[in-house]
Amino acid sequence: MLRIGDLEIDFALREVRRDGAPLRVGSRAFDILELLNNANGELVSKDEILRVVWPRTVVEENNLQVQISALRKVFGASSQLIRTVSGRGYKLLQCTNVVRAEHVRDTQPDAALVTSFDDSQVISNGSNVHLVGRDLTLAEVLTVLKHRETVTLVGTGGIGKTRLAIEAARKAAPAFPDGVVVISFSSVTDERFALDAAAAGLRIKNANAPLSINTIVDAVRGKRLLIVLDNCEHVVGSAANIALALRNSGHVILATSREPLRIPDETLYPVPPLVVPEAASTEGAVLLTGAAQLFLARVKGVAPEFAVDKKTVLLIGAVCRALDGIPLAIELAAARAALLGIEVLGNRLNDRLRILTGGCRTAPPRHQTMRATLDWSYRLLSEIERSVLRRLGVFVGGFTFDAICFLTVDQDASTWETLEAFCGLVSKSMVAAQLDGNDRRYRLLETTRDYALQQLDDNGERNAASAMHARYLLTLFGEAPANGTERTDEKRLADFSCELGNVRAALEWSFSSSGDPSMGVALASATVPYLFDLSLLSECCSRARQALAVYDSTMDCEIPSDSVLKLRAALAAGLVYTNGPGPEARHEWMNLYADAVLQRNTEYEACALWGLWNAHQYGGEPRAALLMAQRFCDLARGRADVTQSLLGMGIEGITLHYLGDQLQARARLEEMLAAYDQSAHRWSATGFHIEHGIVARATLSRVLWVQGSE
Ligand SMILES: Nc1ncnc2c1ncn2[C@@H]1O[C@H](COP(=O)(O)OP(=O)(O)OP(=O)(O)O)[C@@H](O)[C@H]1O
Ligand SMILES: [Mg+2]
């Protein structure tokens, strides 16, 4: 069998197929093609062609030309591969995208030796769609292959390792005149049979002698083959031995595996997902991404009438994003979309594992559904790796290594065992690592996460894991430890941005029927100020309100006394921005004031007074505002708080200006600005991170203007 681009030339069946469908090729044309192919790229003279193809007839030479041009038509874009050598004959060029896939059908391995060998699937599965979105990746793999003897394409199930390896082998074939061989371990069920699969792939028949690695090495000694070892992960020990022995005897190994072979000088090439469109991409930008192109190619293959308008394209973009650009998941989704429509598919994607089924009948069983492909990996994990993976399912939007340690602290495993298990999960491509500046974070791909959650449910561990998750976030953002190793405010805010998805998930779990309301109130109190700082003001208000309502209605809510004050302060501060400094905000500042006085918490009392000053001042009631400003000053003085005393002078000055007392206003503002130092006089309470000096200076300039001063 010969492959040229998307053509399959099957000499056994005397058939030429494109996208699996046979093309019309006359028998003479086929004879010529076979003759040219047998010449391995060498010239075949016109005389010889005429003699072989028309053995008992004398024909005009133009008959030959007609057949050649018919063949060129069939070859389409690859027609230039049939080269005319002027006046002499023809050649079939062996260009880079030709693979002599002898191993597919010509191989008749000895049945006694070969237990399972299905690399016909490797090649034929999905071959009706060109390799999509891999130009750069393919070029990189080819470059690595030029310089390294053992290259392993690693990545999660269905990411496209096999497809890429086969394509790379095709392109690299001309550099390996002794040949390219694909050995698939995909359906080898036991490590012991890996050697048999290798022998079959290399067409070694020696049923009488016991098969050993040496027999295999000897049989291909003296050649330099490119050997693709496909799907090694479930026989990784044997595959590694075979790879090492063959590499050491001069062959080049291109392996695919969900985990590395871990042999000396192995070069790992992590296969990335297909590029997916950004969230706000335009229709054109979506269509440029590999993921969307694969989706469309697949959907059109199944349902050519599938209509593609702007809305559909944008939905396809969203689906590809939700599937993290994993080709197998995209293929399964496209098949479903062809059947159900893209909108139905899009709405069902929160249950990915159920909807991503119905794979191609010719695909291996582990590619029939997304669950099957994950089952395949899950089975290869150790008990502790499985347990850690399950727990990781509760994280939304990634996690740090510290988070994993926290979440697994109750397991009967030491930190070292957890570390080992975690490294195992990363190397088995179940956990993806992402470097964000100097911080290393990890994440599960969305389909893997769904799978982990499903496993948590099946093992009755979901609630316990969610509780640990919420506790972890509370520890991370709750009260800071009193020692000097504290993170700066900026660092805490940056950490919070990274953990926003986790915080939201933990709050939702805490306030759910199976959650823990006290945990929810404590966590909301620890985190709503960050929502304010990130300008997520509506969310800040609604989460604070939710937590306060739960607190008010839950009798046994055990939380630190100032947690409620924190919630009230964040709610009031948020309302100023979402609803303006009107009655609602004033009401919440009053609530805060009352609670703070009752709890004798002067810090929050000061916040409330400032808030009330602000609400009155900008609500058009400067007299009431002046009263609040004076109380604020009194309180600051009583607490001997220099910063707040200065800020109090500032707000008094502002209100006096609005009341028309420019002399007093100027005196207050000048006194404040004379002592104010932006870096020293900071008030870090929620809502008060404003630059008070600028506000005071701006007001002072208006005062001077009103006074007519220079
Ligand atoms: N770039 C691509 N263009 C078109 N189809 C692709 C591409 N990458 C992968 N596919 C298709 O996606 C499916 C999964 O790809 P493949 O078998 O290569 O995954 P894999 O990483 O080898 O998975 P496994 O770990 O299970 O062996 C196949 O049907 C393949 O044809
Ligand atoms: Mg594979």
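1. A salt bridge is taken here as a side-chain nitrogen of Lys or Arg within 4 Å of a carboxyl oxygen of Asp or Glu. By this rule, the predicted model contains 28 salt bridges. Side chains of opposite charge can pair when their charged atoms come close.

2. Conventions. The model is predicted, so local features need pLDDT of at least 70 and side-chain atom pairs count only at pLDDT 80 or more, while totals for chains, interfaces and linings use all residues. Residues are numbered from 1 along each chain as its sequence is written, chains are lettered from A and ligands numbered from 1 in the order in which they are written, and side-chain values use heavy atoms, with hydrogens and water left out.

3. The pair Arg17 and Glu8. These two residues form a salt bridge whose closest N and O atoms are 2.9 Å apart. Arg17 is buried because its relative accessibility is 9%; buried means under 20% relative accessible area, exposed over 50%, and partly exposed in between (1.4 Å probe, protein chains only). Glu8 is likewise buried, at 10%.

4. The pair Asp595 and Arg568. Their side chains meet in a salt bridge at 2.7 Å, N to O. Asp595 belongs to helix H27 (residues 583–598) and Arg568 to helix H26 (residues 562–578), so the pair ties together parts that are 27 residues apart in sequence. Helices are DSSP runs of H or I with at least four residues, strands are runs of E with at least two, and both are numbered from the N terminus. Arg568 is buried, with a relative accessible area of 11%.

5. The pair Arg668 and Glu652. The closest N and O atoms of this salt bridge are 3.4 Å apart. The pair links distant parts of the chain, with Arg668 in helix H31 (residues 662–675) and Glu652 in helix H30 (residues 642–659), 16 residues apart. Arg668 is partly exposed at 22% relative accessibility, whereas Glu652 is buried at 8%. Elsewhere, a network of salt bridges links Arg504, Glu508, Glu539 and Arg543.

6. Ligand 1. Of the 24 residues around this ligand, Lys161, Thr162, Asn231, Arg258 and His367 come nearest; a residue is near a molecule or strand if one of its heavy atoms lies within 4 Å of it. An oxygen atom of ligand 1 lies 2.6 Å from an N or O atom in the side chain of Lys161, and an oxygen atom of the ligand is 2.8 Å from such an atom in the side chain of Arg366. The protein covers 98% of the 620 Å² of accessible area that ligand 1 has on its own (Shrake-Rupley method with a 1.4 Å probe; for residues, only the protein chains shown count as cover). Helices H7 (161–172), H12 (290–302) and H14 (327–340) are the elements that give two or more residues to the shell.

7. Helix H24. Thr527 is in this helix (residues 517–533) and is buried, with a relative accessible area of 0%. A polar atom of the Thr527 side chain lies 2.7 Å from the backbone oxygen of Leu523. Met519 also lies in helix H24, and Met519 counts as buried at 10% relative accessibility. Met519 and Arg471 are 48 residues apart in sequence, yet 7.5 Å apart in space, C-alpha to C-alpha.

8. Helix H15. Val344 is found in this helix (residues 342–347) and counts as partly exposed, at 31% relative accessibility.

Note on methods: A polar contact is a pair of N or O atoms within 3.5 Å; within protein, one must be able to donate a hydrogen and the other to accept it, and residues adjacent in sequence count only if both atoms are side-chain atoms.
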